[in-house]
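Q: Can you walk me through this one? I'd like to start with how the strands pair.

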Amino acid sequence: MRRRTPDRDMGRILTTLTVINRADEAAATRGYIPPDAVRSVTLKNVLVDTGATTLCLPAETIAQLGLELLREVDVATATGIGKARIFQDAKISLLGREGTFECLELPGGQNPLLGVIPLEALGIELDLQNQQLVLLPISPTQTYLTILSVA
């Protein structure tokens, strides 16, 4: 009897997302730069990675977007603890929802990753069985956003 091996891509979700320099967008809104000067990039085959905390972009993409350095941090990677740079004002557009997030710079040549913080903030869940992203409800009768206060 031949043993079945699981499909390598089972549970793997790839998506397309647009990343915009939010600082450029604000400058265009205020009339400091023309709207067509706002830097953005559409990334295909971005791995949705529940092992990643935030948006992770290659250095080349960060440079193309002109994102501003926020700080350097220690990060846990598959090879141990290392240094990484975090950039600010990366606005992403995914499945009709938008949000502005920090992004972590990936070492050269690595593919972009979309981590759990942006997904949660945008109200997007993973359906691993069907290998797709699912929008959580946001309507007058049902919403994923909550505000709980203790009186």
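A: Two strands pair if DSSP finds at least two bridges between them. Strands here are DSSP runs of E, at least two residues long, and helices are runs of H or I, at least four residues long, numbered from the N terminus. This is a predicted model: local features need pLDDT of at least 70, side-chain atom pairs count only at pLDDT 80 or more, and totals for chains, interfaces and linings use all residues. Residues are numbered from 1 along each chain as its sequence is written, and side-chain values use heavy atoms, with hydrogens and water left out.

Q: OK. Which residue in strand 6 is the bridge partner of leucine 57?

A: Glutamate 105. Strand 3 and strand 6 run parallel, joined by four bridges.

Q: And in which sense do strand 5 and strand 6 pair?

A: Antiparallel, over seven bridges. Alanine 90 has phenylalanine 101 as its bridge partner in strand 6. The two strands form a hairpin with two residues between them. Leucine 95, in that turn, has a positive phi of about 55 degrees.

Q: Why is strand 6 largely enclosed?

A: Because seven of its ten residues are buried. Buried means under 20% relative accessible area, exposed over 50%, partly exposed in between, with a 1.4 Å probe and protein chains only.

Q: Switching to the core. Which residues touch the most other members of the largest one?

A: Val19, Leu57, Leu67, Ile92, Cys103 and Leu114, out of 23 residues. Elements giving two or more residues to this core include strand 1 (14-21), strand 5 (80-94) and helix 3 (116-122). A nonpolar core is a set of buried Ala, Val, Leu, Ile, Met, Phe, Trp, Tyr and Cys residues joined through side-chain atoms within 4.5 Å. A second, separate core has nine residues, among them Cys56, Val75, Leu104 and Leu113.

Q: What does cysteine 103 contact, beyond four places in sequence?

A: Leu55, Leu57, Ile62, Leu67, Arg85, Ile86, Phe87 and Ala90. Contact means heavy atoms within 4.5 Å. Cysteine 103 is buried, at 1% relative accessible area.

Q: Last one: how do strand 8 and strand 9 run?

A: Antiparallel, joined by four bridges. Isoleucine 124 stands opposite leucine 135 in strand 9. Their hairpin has four residues between the strands, and glutamine 131 takes a positive phi near 50 degrees.
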